[in-house]
There are 2 protein chains.
Amino acid sequence: MKVSTRVEYGLVALADIALNSENGCTVSSAEIAERQNISQKYLEQIIIGLRQGGFVKGMKGSRGGYVLSRPAERIYLSEVLNALDNNILADAHEAEETLGNDILSSVNSCLWNKLNGYMRQFTESMTLADVIGEYRKSTGGGDMYYI
Amino acid sequence: MKVSTRVEYGLVALADIALNSENGCTVSSAEIAERQNISQKYLEQIIIGLRQGGFVKGMKGSRGGYVLSRPAERIYLSEVLNALDNNILADAHEAEETLGNDILSSVNSCLWNKLNGYMRQFTESMTLADVIGEYRKSTGGGDMYYI
DNA sequence: GCGAAAGCCTATCATTTTGCTATGGATTTC
DNA sequence: GAAATCCATAGCAAAATGATAGGCTTTCGC
């Protein structure tokens, strides 16, 4: 399953914002772009989608940037994926529409509907907090440096 | 999850061949195109992929057409999907390569690798026979007419 | 044998999607 | 008021998608 850079960058940016705004400060698109090695202008467009989805708040002006608009524990990956790409997850009711008795309907009901159902269920059970937790685990819990 | 027409038509065509070649006769691309309402020339290209994947045999000449090259019970959907689209399922070893300790690796290990693993496992557990069974179930088992 | 019927192969092409780049306006802080 | 930042939109090249078209090759039926 190939995922677009838009989805990839969007998820990484959201996690970056979550990780670096914990002390109350904002995270600018320039910071994220440098840390994650993404074109800043492209990133800004993607983050607009995250803002419209209600996951981050943008603060204009000098010293502006982004913060999460809800705790990471309540940001479900299903929502984020839908905001970044409206084809990656199928709607729940979409599965019920294939009631014909042709071959295509059979393929849908025994293959695609089941796969889509699992993907929806799995991404609804995961939150941004899980991603952050995985990251902390991989860095041994010691990625914060205090002077 | 949006699926390309190539994958959709390919699966339908394969099931059509399986269903209509049971009495030993061949199934022509023209027949399939008419029954499934697909452009015949486009369909031919797709079926070439099915033949190269080893799922069907093509018989040239008048009275030619296609038949399965193995029993439907041994045609796994994972193989078929890989033959029709090499991005739809990820390789098994691909998952093991993401061992970095950056955010992207974390997203991969807790989201994409798990989703891909499930998709692979699920499609490896399903065969063309399951699709055909679903179709027969939907038509009430009475789609064959004897004169 | 010959012709029709079928598979097989390749080229072409329009449209859409993807992945950016660029420009500039709006707003806030210092 | 100037710098920094978000916000919005336009443009654009490359790739993928979804076909269409032409013609060669092989085989069956007569």
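1. A polar backbone atom of G61(B) lies 3.4 Å from a base oxygen of DNA strand D. This is a polar contact, meaning a pair of N or O atoms within 3.5 Å. The model is predicted: local features need pLDDT of at least 70, side-chain atom pairs count only at pLDDT 80 or more, and totals for chains, interfaces and linings use all residues. Residues are numbered from 1 along each chain as its sequence is written, chains are lettered from A and ligands numbered from 1 in the order in which they are written, and side-chain values use heavy atoms, with hydrogens and water left out.

2. Two further base contacts involve DNA strand D. An N or O atom in the side chain of K41(B) is 2.8 Å from a base oxygen. A polar backbone atom of S62(A) is 3.4 Å from a base nitrogen.

3. DNA strand D is surrounded by 26 residues. Near here means that a heavy atom of the residue lies within 4 Å of the strand. The closest are S29(A), E44(A), R51(A), K41(B) and Q45(B).

4. Helices (H or I, at least four residues) and strands (E, at least two) are DSSP runs, numbered from the N terminus. The largest share, 4 residues, is that of α3(A).

5. By class, the surface near DNA strand D has 14 polar, 7 charged and 5 nonpolar residues. Ala, Val, Leu, Ile, Met, Phe, Trp, Tyr, Cys and Pro count as nonpolar, Asp, Glu, Lys and Arg as charged, and the others, Gly among them, as polar.

6. In chain A, α2 (residues 29–36) packs on α3 (residues 40–52) at about 115 degrees, with axes 9 Å apart. Axes are lines fitted to C-alpha atoms over the stretch in contact; angles run from 0 to 180 degrees between N-to-C directions. S29(A), A30(A), I32(A) and A33(A) of α2(A) meet Q40(A), L43(A), E44(A) and I47(A) of α3(A). Contact means heavy atoms within 4.5 Å. The classes are 5 nonpolar, 2 polar and 1 charged.

7. Check two backbone angles. R63(A), not a glycine, has a positive phi of about 65 degrees. R63(A) sits in the loop between β1 (56–59) and β2 (65–68) of chain A. R63(A) is exposed, at 81% relative accessible area. Exposed means over 50% (1.4 Å probe, protein chains only).

8. N37(B) also has a positive phi, near 60 degrees. N37(B) is in the loop between α2 (29–36) and α3 (40–52) of chain B. N37(B) is exposed, at 69% relative accessibility. Most residues other than glycine have a negative phi.

Key: Buried means under 20% relative accessible area, exposed over 50%, partly exposed in between (1.4 Å probe, protein chains only). A polar contact is a pair of N or O atoms within 3.5 Å; within protein, one must be able to donate a hydrogen and the other to accept it, and residues adjacent in sequence count only if both atoms are side-chain atoms.
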